[in-house]
Amino acid sequence: MSSITTSKLGAVLTFLSRGRVVLAVWVLLAVIATSKQILKGNYNNYLIFKNSFWHAWEQKNLYAAYPAEYFDLFYYGPIFPVLMAPFAVLPDFLGGLLWQLANNLFLFYAISRLPLKHSRTIAVLWLVAHEALTAMFNFQINAGIAALVIMSLCLIREKKDFWAACLIMLGTFIKLYGIVGVAFFFFSRQKPTLVLSCIFWAMVFFGLPMLLFTPDFVLQSYQDWYTALAAKNQLNSTSIMQDISVMGMARRILQDPTLPNLPFLAAGLVLFFLPYLRISQYRHAAFQMMLLASVLLFVVLFSSGSESPTYVIAFTGVALWFMLQGRPIKPLYVGLMVFAFLLTSLSPSDLFPKVVREEFIKPFSLKALPCLLVWLAVTYDLLKTNFAQASAVAPDQEPATALPE
């Protein structure tokens with residue numbers, strides 16, 4: 001390679017490593033995804049979210065079918081219409097764009113707060129960008145859910161347990177996924193504060209919708225939410241768009257939709273909790289972030305409600321795991337990362353051969369396969385690695401908020 005070519009390549013890499021450039025790309029992706037989908041009239045999820053506020057305002061059943069307004073059903077907690085209020089009152093394009101930006105820039109910000117070296121933070125953001133785009137084409141909240149989980153760890157690390165509890169409970173009351181933030185309990189240096197704060201915020205988010213809507217309506221909505229989730233769990237195994245999980249993959253490969261979730265969940269929970277036996281590693285930032293990667297993967301892999309846009313949560317865990325590796329990275333791990341990027345991130349897009357996607361990946365829920373293999377690698381690392389000398393972690397200091405630069 002000539003020195004001129006090398007110089008140009010170096011200039012390109014330097015340009016792409018700037019936080020402002022990555023931020024601009026994330027914003028541009030939101031604008032492109034929103035514009036394309038709204039111009040095509042293909043923004044059903046946003047209509048579900050938007051109308052949840054108006055249905056609550058009019059005290060209509062949040063979880064009933066409204067085929068004249070949208071297809072599918074609403075499955076989020078009664079706090080969700082409150083969050084949608086500022087978007088719902090705007091025209092669809094403006095409200096939809098701001099919704100996309102709120103979710104994805106929150107994830108951008110959360111990743112930038114992790115105690116990684118700058119170059120590795122940038123790499124995580126680039127790796128996650130395409131999966132975030134998949135979520136944006138569907139107007140989903142999953143990027144925001146991932147950000148809530150990440151920020152709960154960041155705030156616990158900063159001894160801001162009161163606000164960490166706020167994010168944990170908010171995520172729980174939105175989609176239940178947020179409850180995984182309690183996985184960071186043992187990293188807290190203010191455990192009583194964290195527990196009491198979780199109780200406080202649970203009461204706040206339980207009661208907050210009652211300030212806009214009537215208490216009777218909200219209490220009924222919680223009952224309806226439970227009923228809707230129970231019914232959805234039964235339906236997930238019958239749709240190739242749902243149950244993209246370890247259980248779903250097994251059910252479809254074995255052609256047995258009656259396979260129960262419990263054996264998979266039990267095995268998964270045993271593996272998930274084994275690293276907690278390594279108490280001496282708790283204090284190391286790299287161990288904490290590797291456990292974060294495990295949490296982000298686990299919550300998607302072992303949920304029968306997982307669908308393709310949900311994988312922005314899991315793939316953030318994949319990218320974080322890869323960037324936590326020491327150098328040189330094991331060839332096996334490089335292969336796993338490439339496999340995950342191709343099969344998990346690219347498979348839903350037009351960049352992937354349609355026949356493979358439609359005939360193999362969707363029918364057998366194979367989008368979950370690379371993430372399962374990565375999660376097993378994460379678990380192995382958590383059990384075997386000495387994180388005291390992790391080279392990926394920034395020096396112990398106040399969390400860097402230098403992005404963008």
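So, what share of the contacts with a separation of 6 or more comes from residues 24 or more positions apart in this protein? It's 76%, with a contact meaning heavy atoms within 4.5 Å.

Quick housekeeping before I go on. This is a predicted model, so local features need pLDDT of at least 70 and side-chain atom pairs count only at pLDDT 80 or more, while totals for chains, interfaces and linings use all residues. Residues are numbered from 1 along each chain as its sequence is written, and side-chain values use heavy atoms, with hydrogens and water left out.

Okay, the overall picture. We've got 18 helices and zero strands; those are DSSP runs, H or I of at least four residues for helices and E of at least two for strands, numbered from the N terminus. The radius of gyration is 21 Å against the 22 Å that the globule rule gives for 405 residues, so the protein is as compact as a globular protein of that length. That radius is taken over C-alpha atoms, and the rule is 2.2 Å times the number of residues to the power 0.38. Along the principal axes, the C-alpha atoms fill a box of roughly 65 × 50 × 45 Å.

On to burial. Of the 405 residues, 56% are buried, where buried means under 20% relative accessible area, exposed means over 50%, and partly exposed is in between (1.4 Å probe, protein chains only). Take α14, residues 285–301: 17 of its 17 residues are buried. Its span from first C-alpha to last is 24 Å, close to the 24 Å expected at 1.5 Å a residue, the expectation being 1.5 Å times one less than the number of residues. Then there's α12, residues 246–253, with seven of its eight residues buried, Arg251 and Arg252 among them. Just after α12, Gln255 takes a positive phi of about 55°.

Now the charges. Side chains of opposite charge can pair when their charged atoms come close. Our cut-off for a salt bridge is a Lys or Arg side-chain nitrogen within 4 Å of a carboxyl oxygen of Asp or Glu, and by this rule there are eight. One of them joins Asp92 and Lys50 at 2.6 Å, N to O. Asp92 sits in α5 and Lys50 in α3, so this pair ties together parts that are 42 residues apart in sequence. Asp92 is buried at 18%, and Lys50 is buried at 16%.

Glu131 and Lys367 pair up at 2.9 Å. Here Glu131 is in α6 and Lys367 is in the loop between α17 and α18, so the bridge spans 236 residues of sequence. Both Glu131 and Lys367 are buried. By contrast, Glu358 and Lys362, which meet at 3.3 Å, are partly exposed, Glu358 at 32% and Lys362 at 25%.

Last stop, the surface. The accessible surface is about 18,000 Å², with 69% of it belonging to carbon and sulfur atoms; that's Shrake-Rupley with a 1.4 Å probe, and for residues only the protein chains shown count as cover. There's a nonpolar patch of about 630 Å², including Val270, Phe339 and Leu383. Helices α13 and α18 are the elements that give two or more residues to the patch, and α18 has the largest share, with three. Leu277, another member, lies in the loop between α13 and α14 and counts as exposed at 67%.

Notes
Patches are made of residues with over 30% relative accessible area and no salt bridge: like charges are joined within 9 Å, nonpolar side chains (Val, Leu, Ile, Met, Phe, Trp, Tyr) within 5 Å.
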